[in-house]
Amino acid sequence: MNPSPEGRPEETDMELINRWRAGDGRAATRLVGRHSQALARFAASAGERDGIEELVQDTFVRAFASLDSFRGASTLRTWLFTIERRLMLDRRRAERRSRETVPVEESDHVSEYGALDGLIAEEAQERVRKSLDALSPTQREVFTLRVQQGLSYKEIAEVVGSTEGAARVHYHNAIKTVKEFLKDE
Amino acid sequence: MNKCIDSDIQEMLPDLLHRALSDGERQRVEAHLATCESCKEDLEVLRTVKSAAVFAPAIDVNSVVRQIPPYRKIVPATERPARTRVASWLVAASLAVVVLGGGSILLQSNGSLVSRSRGQQPALTIAKVPEATKPSPLEPVPSPRIVQPTIAPHPHALALAAEADGLSDGGLVPLMNDMDGFDALPASEPDPVISVDSGDSL
């Protein structure tokens, strides 16, 4: 258990969950503060462009509403990633359906990337983003969960609904592609 | 540059970045990195990717927390397990078999006792055609085979539905006794001579 900034030992996620169940609202604040940025990074790395805050918010609302089903078999963060990933897939499906009915203008697409460019300050970040864009959606998820979030293959398999072996293969293919892309740039 | 074939080391590189290796594993990986250019390059790529993961927007924790509903314990529905339900159905089915079977045996034994005590003829005699139901001389004469006891109407049976409503308990007992002796199904398949009834169309 790591010490908190106040010198007290850091409470585990499970302890905070139990405190929240007992009616302590501050425990929820601690849990959200602990995991929200990781969720935002995962969403951004997975290719989400807009509404990342809303996505993170929805993830927590859904997670807290079904916290009784969290048994602690995985870490809370892995469980949150799983929920967030499902929400992202739902969003993409909804976007695909809306694109089928309302075609997106090319100018909209450009302005979307223009907004993103504002967020990406450094050239290295832009290069990395482009290299990740070259990956398949699953490769991208596996790679970012492994490299940026430090999840094990077992945890990644749980998040993406796959096997450890498949996660390993996706990772190796992804690093090969990213390496080649960054070399060529 | 030769590609490294030590997949164990390659897979541990992200863990090295996240300081998730034990001391022994870290020393092994670092020793390998000192001699392997390919893995060094991989590690540099991973460092770049990891450090680039900062463009996600900052999340306002308080606004997220405000949206979280208060805790409500989910009470599981008090549905009985499937095994209990199956057992209940089996018990109910067994009871039904016992009640129906026992009841019909009781009724049968009562009927035969009453018949014998009254000195009535056995059940088959009930199927005899009474005089009133015999065809008139104007009607086509049926062949003797039609007048088989198994297909002839019972004298009580025709009036049974009409009379049953008006009977008291005492009146119902002999009627039911008669019914017990009544053969609802023929002992054998009827012969196709019933076609004689088609005399209606004449």
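In the predicted model, Arg19(B) lies in the loop that links helix 1 (7-17) and helix 2 (23-33) of chain B. Although Arg19(B) is not a glycine, its phi is positive, at about 50°. Arg19(B) has 8 other C-beta atoms within 10 Å and is therefore classed as exposed, the limit for that class being 12 or fewer.

In chain A, helix 2 (residues 25-45) packs with helix 3 (residues 52-65) at an angle of about 130°, and the two axes are 9 Å apart. The two helices of chain A are therefore oblique to each other, and their crossing is right-handed. On the side of helix 2 of chain A, the contact involves Ala28(A), Val32(A), Ser36(A), Leu39(A), Ala40(A), Ala43(A) and Ala44(A). These residues meet Ile52(A), Leu55(A), Val56(A), Thr59(A), Phe60(A) and Phe64(A) of helix 3 of chain A. By class, the residues of this helix contact comprise eleven nonpolar, two polar and no charged.

Helix 2 and helix 3 of chain A also take part in the contact between the chains, to which chain A gives 36 residues and chain B gives 26 residues. At least two residues of the side of chain A that touches chain B are supplied by each of helix 1 (13-21), helix 2, helix 3, helix 6 (123-133), helix 7 (137-147) and helix 9 (164-184) of chain A. Helix 2 of chain A provides the largest share of this side, with eleven residues. The side of chain A that touches chain B is made up of 20 nonpolar, nine polar and seven charged residues.

Technical notes:
Residues numbered from 1 in each chain as written. Chains lettered and ligands numbered in written order. Predicted model: local features only at pLDDT ≥ 70, side-chain atom pairs only at ≥ 80, totals over all residues. Axes fitted to C-alpha atoms, helices over the stretch in contact; angles between N-to-C directions. Helix = DSSP H or I, 4+ residues; strand = E, 2+ residues; numbered from the N terminus. Parallel < 35°, antiparallel > 145°, perpendicular 65-115°, else oblique. Left-handed = near helix turned anticlockwise from the far one by under 90°. Contact = placed C-beta atoms within 7 Å. Nonpolar A, V, L, I, M, F, W, Y, C, P; charged D, E, K, R; others polar. Buried ≥ 20, exposed ≤ 12 C-beta atoms within 10 Å, placed from the backbone.
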